[in-house]
Amino acid sequence: MPPLGWAAVAAVAQGVLAVRRRPTVGSITVGALLGAGALAVGLAPVVQFRRSGTTINPVAVDRASTLVTTGIYRHTRNPMYVAMAGGLVAHAVLRRSPATLLPVVGFVAALNRRQIPAEEAALTDRFGAEYQDYCRDVPRWLGPVRPSDQTPAGGTPA
């Protein structure tokens, strides 16, 4: 399933979990701010990929023509997925239900187990040591680089 499909499933699950919860002015405000931030984070890589002339299709990684490592890609290797998770967090805040954070965890887990390893293997095959060096320096999601971030699927430890 493509990442947008996982995000859609998570959003539907959030709606089911928060069926009786109505948004408030505060939750709308905070949710909108988080959602706007997620949208900005999600659009930046699309612009970068278009400028670089490479694919944005996460299921066609083998068509990547350029390894983009600038801009937002200096902070996370997966800004589009960070944006989707951020949008789901914004939705959870809007719905005012801690239980609606569970689908966010499921979304991140699904991408960590299925989508991202496949992408990393394809990018390692395509860009080799350049991609492995990038993985050594930039986290998969956000925060400090962890040892698990440094070895892309199918690659050797950096």
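User: At Gly 42, how do I read relative accessibility: is the residue buried or exposed?

Analyst: Buried means under 20% relative accessible area, exposed means over 50%, and partly exposed is in between, with a 1.4 Å probe and protein chains only. Gly 42 has 16% relative accessibility, so this residue counts as buried. The model is predicted: local features need pLDDT of at least 70 and side-chain atom pairs count only at pLDDT 80 or more, while totals for chains, interfaces and linings use all residues. Residues are numbered from 1 along each chain as its sequence is written, and side-chain values use heavy atoms, with hydrogens and water left out.

User: Where is Gly 42 placed, and which residues is Gly 42 in contact with, leaving aside neighbours within four places in sequence?

Analyst: Helices (H or I, at least four residues) and strands (E, at least two) are DSSP runs, numbered from the N terminus. Gly 42 belongs to helix H2. Contact means heavy atoms within 4.5 Å. With neighbours within four places in sequence left aside, the contacts of Gly 42 are Met 80 and Ala 83. Gly 86 is 44 residues from Gly 42 along the chain, and their C-alpha atoms are separated by 9.4 Å.

User: Which residues have the most contacts inside the largest nonpolar core?

Analyst: A nonpolar core is a set of buried Ala, Val, Leu, Ile, Met, Phe, Trp, Tyr and Cys residues joined through side-chain atoms within 4.5 Å. Here the largest core has 26 residues, and Tyr 73, Tyr 81, Phe 107 and Tyr 131 have the most contacts inside it. Helices H1 (3-17), H3 (79-95) and H4 each supply at least two residues of this core. H4 gives the largest share, nine residues.

User: How much space lies in the largest pocket?

Analyst: The search uses a 1 Å grid over the protein atoms alone: a cavity is a set of points where a 1.4 Å probe fits but cannot get out, whereas a pocket is an open set with protein on both sides within 12 Å along at least five of seven lines, and lining residues have an atom within 4 Å of a point. Grid points are joined across faces, edges and corners, and a volume is the space filled by probe spheres set on the points. The largest pocket holds about 630 Å³. Its lining has 35 residues, and those closest to its centre are Phe 49, Ile 56, Tyr 73, Met 80 and Tyr 81. H1, helix H2 (25-52), H3 and H4 are the elements that give two or more residues to this lining.

User: How far apart are the end C-alpha atoms of H3, and of H4?

Analyst: The expected span of a helix is 1.5 Å times one less than its number of residues. H3 has 17 residues and should span 24 Å; its end C-alpha atoms are 24 Å apart, which agrees. H1, with 15 residues, reaches 21 Å, close to the 21 Å expected. H4 (residues 102-137) has 36 residues, yet its end C-alpha atoms are only 29 Å apart, short of the 52 Å that a straight helix would reach. For bends, the angle at a residue is taken between axes fitted to the seven residues ending there and the seven starting there. H4 has a kink of about 125 degrees, centred on Phe 127.

User: What covers the buried residues of H3?

Analyst: The cover includes H1, H2 and H4. Among the buried residues of H3 are Pro 79, Met 80, Tyr 81, Leu 88 and Arg 95. Ala 85 in helix H3 is buried because its relative accessibility is 11%. Ala 85 touches Val 104, Phe 107 and Val 108, not counting residues up to four places away in sequence. Val 93, also placed in helix H3, counts as partly exposed because its relative accessibility is 26%. Not counting residues up to four places away in sequence, Val 93 touches Ser 27, Val 30, Gly 31 and Leu 34.

User: What is phi at Arg 96?

Analyst: Most residues other than glycine have a negative phi. Arg 96 has a positive phi, near 60 degrees. Arg 96 follows H3 and lies in the loop between H3 and H4. At 32% relative accessibility, Arg 96 counts as partly exposed.
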